[in-house]
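Here are my notes on this model, as numbered points. Please read them with the structure open.

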Amino acid sequence: MPSLLPPSLAFLCFVATALRAPLARAGPGAEEPPWCPYKVLGGEGAAGGRLCFRPPARGFQCAARACRAHRSPGGALVANVLANGSVLLQWGPPRPAAGLRGFALNCSWDGTYTRFPCDSVELGAACRDYLLPEAHGSVRYRLCLQPRYAPPRPAPPAQCVEFRLEPAAMRDIVVAMTAVGGSICVMLVFICLLVAYITENLMSPALGGGVAAAAAAPHRA
């Protein structure tokens, strides 16, 4: 079986591993190299693509209002669906770690009658997350992550996660309804304050004058 990673990406992973070893020996406060090498391929793993680097999303937490987390059956792969339509994938270090060459990320989505492949990604061994920048609404996605090892170790089963994004139009409607509801609440509060002001400052003197006149009328008689 041919190697998953191209020679340039394999060399960069080797350099990252070599740089990480002195930092690990330096002490617990030393930081690992932040860059994650990856290569985006065409659908069905077509050849080509450009080698890119991205920093990891360290410390990311899926907030309840702006994010929704979906986990694979084994719990090793998490898809964080963000409110802006992007998806942040996160996974932990695989076991065993010896001989790990990288990861293969395969993507597909359900059509009306069949399943269509989307761009697959090759990631370096140091990668622990990947950002899918734009996902289509009303589409059910299936993302599978599989570690790749040097031969003769076979590749373990892939971890897969499935999720569906709500339509962009529905998100806009929810945002618009929230904004309108907030405006209506502000208007109701203003009307209540105005009614209270009128009752307290305009109607009270008139009522007081009427009572005083009624009390003084028998005295004059």
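1. A disulfide here is a pair of cysteine sulfur atoms within 2.5 Å. The model is predicted, so every value below is computed. By that rule the count comes to 4 disulfides. Counting bonded cysteines along the chain, the pattern is 1-6, 2-3, 4-5, 7-8.

2. Take Cys107 and Cys118. Their sulfur atoms are 1.8 Å apart, and a disulfide joins them. Cys107 sits in strand S6 and Cys118 in strand S7, so the pair ties together parts 11 residues apart in sequence. Both ends are buried: Cys107 has a relative accessible area of 9%, and Cys118 has 17%.

3. The strands around this link deserve a look. S6 (100-110) and S7 (residues 115-124) run antiparallel, joined by 8 bridges. Within that pairing, Leu105 stands opposite Val121 in S7. S6 also pairs with S9. There the strands are antiparallel too, and 9 bridges join them. Phe103 faces Pro147 across that pairing, with Pro147 in S9.

4. Next, Cys144 and Cys160. A disulfide joins them, with an S to S distance of 2.0 Å. The angle about the S-S bond is 110°, and the link is right-handed.

5. Cys62 and Cys67 form another of the disulfides, with sulfur atoms 1.9 Å apart. This link is left-handed, at -105° about the S-S bond. Cys62 is partly exposed, at 28% relative accessible area. Cys67 is buried, at 9%.

6. Most peptide bonds are trans. The bond from Arg95 to Pro96 is cis, with omega near 0°. Pro96 is in the loop between strand S5 (87-91) and strand S6 (100-110). The bond joining Pro151 and Pro152 is also cis, with omega about 10°. Pro152 is in the loop between strand S9 (140-149) and strand S10 (159-164).

7. Which residues form the nonpolar patch on the surface? They are Ile184, Leu188, Phe190, Ile191, Leu194, Val195, Tyr197 and Ile198. Together they have about 780 Å² of accessible area. Phe190 lies in helix H2 (residues 168-220). This residue counts as exposed because its relative accessibility is 55%, and the cut-off for exposed is over 50%.

8. By contrast, Cys107 is buried at 9%.

Key
Residues numbered from 1 in each chain as written. Predicted model: local features only at pLDDT ≥ 70, side-chain atom pairs only at ≥ 80, totals over all residues. Heavy atoms only, no water. Patch = residues over 30% accessible without salt bridge, like charges linked within 9 Å, V, L, I, M, F, W, Y side chains within 5 Å. Areas by Shrake-Rupley, 256 points an atom, 1.4 Å probe, with all protein chains shown as cover. Salt bridge = Lys/Arg side-chain N within 4 Å of Asp/Glu carboxyl O. Helix = DSSP H or I, 4+ residues; strand = E, 2+ residues; numbered from the N terminus. Buried < 20%, exposed > 50% of the residue type's maximum accessible area, 1.4 Å probe, protein only. Pairing = 2+ DSSP bridges.
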